[in-house]
Amino acid sequence: MKQWSKKQRLLVIAVFAAVLLIVGVAAGALNKKQTQEGIKHFSIEVVSERDNYYSSMECESGEEFLGGYLRTMEGCEWQESDYGIYITGFEGMKEDTENQYWWCVMVNGESATTGADGIPLQEGDTYRFELMQGW
């Protein structure tokens, strides 16, 4: 059996690493939801079973991301964090970390996988903020 030279092994490793890098970049690009330019029309729902509260409103904005819109939304309480905007309350209904209440963000019925600053505003989408209990 023929042994590979050191140069051949390094070449194979370099090609393999390059292929992995290209696949990783392509997968990331395909999974990233693109932003839309211009005015978007969307819905925002705020739900708190604890407070027996439900509200739904039709909104429009030229912001690219949900976090940008929430910073200007009347009734939305938030604070900046190292990870972007952190929702602390709506219409006076506040989180309660002592009792494990927190605001869950959902996009079209599915829990968001990123914070509001990473959620692109999309035409026709529904963004739901639900006060949840328990970690």
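Figure 1. The model is predicted, so local features need pLDDT of at least 70 and side-chain atom pairs count only at pLDDT 80 or more, whereas totals for chains, interfaces and linings use all residues. Residues are numbered from 1 along each chain as its sequence is written, and side-chain values use heavy atoms, with hydrogens and water left out. The secondary structure comprises two helices and eight strands, in the order α-β-β-α-β-β-β-β-β-β from the N terminus. These elements are DSSP runs numbered from the N terminus: helices are H or I with at least four residues, strands E with at least two.

**Figure 2. The largest nonpolar core.** A nonpolar core is a set of buried Ala, Val, Leu, Ile, Met, Phe, Trp, Tyr and Cys residues joined through side-chain atoms within 4.5 Å. Among the 23 residues of the largest one, Ile44, Leu66, Leu70, Phe90 and Phe129 touch the most other members. Two or more residues each come from strand S1 (40-48), helix H2 (66-70), strand S4 (84-90), strand S6 (101-107) and strand S8 (126-133). S6 gives the largest share, four residues.

**Figure 3. Surroundings of Phe129.** Contact here means heavy atoms within 4.5 Å. Neighbours within four places in sequence aside, the residues in contact with Phe129 include Ile44, Val46 and Val47, as well as Leu66, Leu70, Phe90 and Trp103.

**Figure 4. An aromatic cluster around Phe42.** Ring pairs link Phe42, Tyr69 and Tyr127 into a cluster. Rings of Phe, Tyr and Trp (its six-membered ring) pair if their centres lie within 6.5 Å; planes under 30 degrees apart count as stacked, over 60 as edge-to-face and the rest as tilted. The structure holds four aromatic pairs. One of them, Phe42 with Tyr69, is edge-to-face, at 5.2 Å centre to centre and 90° between the planes. Because Phe42 lies in strand S1 and Tyr69 in helix H2, this pair ties together parts 27 residues apart in sequence. Phe42 is buried at 1% relative accessible area, and Tyr69 is buried at 13%. Phe42 and Tyr127 also form an edge-to-face pair, with 5.7 Å between centres and 80° between planes. Tyr127 lies in strand S8, so the pair with Phe42 connects parts 85 residues apart in sequence.

**Figure 5. Charged ends over rings.** A charge sits over a ring if NZ of Lys or CZ of Arg is within 6 Å of the ring centre and within 35 degrees of the ring normal. The charged end of Arg50 sits over the ring of Tyr101, 4.8 Å from its centre. Arg71 places its charged end over the ring of Trp78, 5.6 Å from the ring centre.

Key:
Buried < 20%, exposed > 50% of the residue type's maximum accessible area, 1.4 Å probe, protein only.
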